[in-house]
Amino acid sequence: MKVLQAVLFAFVLYESPTFASIPNALLRLNCETVNRVCYLKNIFASEDDRYKDVYGGESSDSIEFFDSHIHTMPKIPFVKSVQAKGINLVRIGEKTFATVKHLDVSYNRLRDFSAKAFEWPEELLTLTLSGNPLLKELSVVRKLTGLVELRMAEMKLDLEFVDADIFAGMKQLKQLVLRDNKITKIPVGIFSKLESLEKLDLIENNSFMVVDLVDLSDNKLIGIGPSAFYNKSELGTLILSKNGQLRNFEFLKNLHTLHTLIMTHMNFTFEGLPLNVFSNLDLLTTLDLSNNEIAYLPLGIFADLSSVNFINLRHNQISHVEFGTFSIRKYDLIDEIDLSYNEIRDVNYLVFVPLKYLRTLLLHGNRIAYVNTSHLKRNKSLQNFGIQHNPIRCSDLVDLLAIFKLVLDGREFVAHEPNVDGIKCNP
């Protein structure tokens with residue numbers, strides 16, 4: 001009786017669909033074709049199984065796998081699209097794909113994706129690798145120079161351990177999705193060759209929720225999605241410098257904890273931007289907009305920065321500062337303003353009198369020939385004044401020195417020309 005039970009149990013296992021694959025079997029894959037889509041269903045293939053050709057695939061535009069468990073991707077015929085999502089795929093070997101243009105192998109167990117998987121890798125337009133946290137060797141991605149869209153979400157990626165040139169050849173890439181990974185730092189220049197990039201999605205990176213600094217400088221970013229940063233992020237410092245084509249800043253609205261925003265060397269202007277561009281940055285203390293092309297400061301642009309202490313506007317093209325430019329809606333905590341190296345000739349110093357906590361005002365390197373000391377001293381909090389590299393009169397500097405500390409630009413002390421306290425002046 002026990003022998004009979006064992007035989008029956010073995011027979012049931014053999015007939016079960018789950019165990020239909022025989023070790024070292026040569027499996028025939030038959031298409032169920034509907035509207036030129038080849039559906040491959042109920043395929044169960046182990047590591048040792050091999051495949052015959054996909055029958056019916058040659059007359060289809062795309063192949064989709066359903067309800068299957070496949071260890072190794074079979075060789076795909078000449079089709080445009082392959083969807084192999086959630087089929088427990090572990091391996092993609094050499095010369096698996098020929099002319100495929102769209103490939104989705106998301107939410108599998110991929111460990112091995114051969115760098116030679118594509119016969120014509122430059123033909124691939126979209127690739128979805130999301131949900132494959134075991135895939136660490138990504139050399140195949142570097143060869144996909146024709147990609148327009150690349151999705152690599154939920155892969156536990158850390159860009160510090162990825163080849164810095166992984167995206168270098170992707171001149172046509174418009175959308176890059178890296179959400180929900182373990183990205184703590186953005187290596188400088190990793191996105192710099194992405195000339196067509198329109199959307200970079202970094203939302204819900206768990207590490208971004210606790211990381212204090214994200215450096216996206218020198219990456220030639222064209223756009224960052226409005227939800228690129230998780231709205232519960234604890235990000236403290238964001239560096240966007242040297243991204244000269246970046247024009248959409250909606251993503252800033254989710255950075256409620258940001259205290260330092262650095263946007264230098266970006267060809268940045270306020271032209272076309274809404275007045276509330278900085279509206280949700282309630283904790284921002286430092287705003288660095290130096291080395292840009294700002295020609296005017298719209299009234300109200302800084303009004304919502306209730307915690308800002310330092311606004312750096314040096315090396316721009318500003319020629320005029322209007323009353324109310326630095327008025328803050330809730331609190332006035334501005335401690336330092338740097339307007340050095342702009343195009344300022346005449347200054348109404350009464351503009352700065354309402355700033356109750358302003359201690360340092362820097363106007364180095366402008367075209368200012370005269371300072372109205374009586375107006376400037378009406379700001380009772382002002383202590384430090386920078387006026388170096390202006391055609392200023394020595395007598396004016398003497399008047400200023402009696403009230404303020406004259407700040408040098410760096411350590412540039414002039415001793416061999418007419419000067420007051422190391423600041424060059426006109427006698």
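# Contacts, rings and a pocket

User: Which residues does Leu258 touch, leaving out those up to four places away in sequence?

Analyst: Leu258 touches Leu235, Gly236, Thr237 and Leu238, plus Leu281, Leu283 and Leu284. Keep in mind that this is a predicted model.

User: Where is Leu258 placed?

Analyst: Leu258 is in the loop between β17 and β18.

User: Is Leu258 buried or exposed?

Analyst: Buried. Its relative accessible area is 0%, and the cut-off for buried is under 20%.

User: How far apart are the C-alpha atoms of Leu258 and Leu281?

Analyst: They are separated by 6.5 Å. Along the chain, Leu258 and Leu281 are 23 residues apart.

User: Now rings. How many aromatic pairs are there in the whole structure?

Analyst: The search finds 13 aromatic pairs. Take Phe249 and Phe268. Their ring centres are 5.6 Å apart and their planes stand at 80°, so this pair is edge-to-face.

User: Which parts of the chain does that pair link?

Analyst: Distant ones. Phe249 lies in the loop between β17 (237-239) and β18 (260-262). Phe268 lies in the loop between β18 and β19 (286-288). The two are 19 residues apart.

User: And are Phe249 and Phe268 buried or exposed?

Analyst: Both are buried. Phe268 also pairs with Phe270: the ring centres are 5.1 Å apart with planes at 80°, so that pair is edge-to-face. Phe268 and Phe270 are both buried.

User: Which residues do ring pairs link into a cluster?

Analyst: Phe249, Phe251, Phe268, Phe270, Phe278, Phe302, Phe326 and Phe352.

User: What about charges? Which ring does the charged end of Arg28 sit over?

Analyst: The ring of Tyr55, with the charged end 3.8 Å from the ring centre.

User: Which strand gives the most to the lining of the largest pocket?

Analyst: Strand β5, residues 50-55. That strand supplies four residues.

User: What lies 3.0 Å from a polar atom of the Ser130 side chain?

Analyst: The backbone nitrogen of Ala153. Ser130 is also in contact with residues beyond four places in sequence, including Ser106, Tyr107, Arg151 and Met155.

User: Tyr107 came up there. What is its phi?

Analyst: Positive, about 55°, although Tyr107 is not a glycine. Most residues other than glycine have a negative phi. Tyr107 is in the loop between β10 (102-104) and β11 (112-113). At 38% relative accessibility, Tyr107 counts as partly exposed.

User: And what is the phi of Lys242?

Analyst: Near 60°, again a positive value in a residue other than glycine. Lys242 is in the loop between β17 and β18. Lys242 counts as partly exposed, at 47% relative accessibility.

User: Last one. Is Pro427 buried or exposed?

Analyst: Exposed, with a relative accessible area of 90%. Pro427 is in the segment after β26 (423-424).

User: Which residues does Pro427 touch, not counting those up to four places away in sequence?

Analyst: Cys394 and Pro418.

User: And how far apart in space are Pro427 and Ile262?

Analyst: They are 39 Å apart, C-alpha to C-alpha. In sequence, 165 residues separate Pro427 and Ile262.

Note on methods:
Residues numbered from 1 in each chain as written. Predicted model: local features only at pLDDT ≥ 70, side-chain atom pairs only at ≥ 80, totals over all residues. Heavy atoms only, no water. Polar contact = N/O pair within 3.5 Å; in protein donor to acceptor, adjacent residues only side chain to side chain. Contact = heavy atoms within 4.5 Å. Phe/Tyr/Trp six-rings, centres within 6.5 Å; stacked < 30°, edge-to-face > 60°. Buried < 20%, exposed > 50% of the residue type's maximum accessible area, 1.4 Å probe, protein only. Lys NZ or Arg CZ within 6 Å of the ring centre and 35° of its normal.
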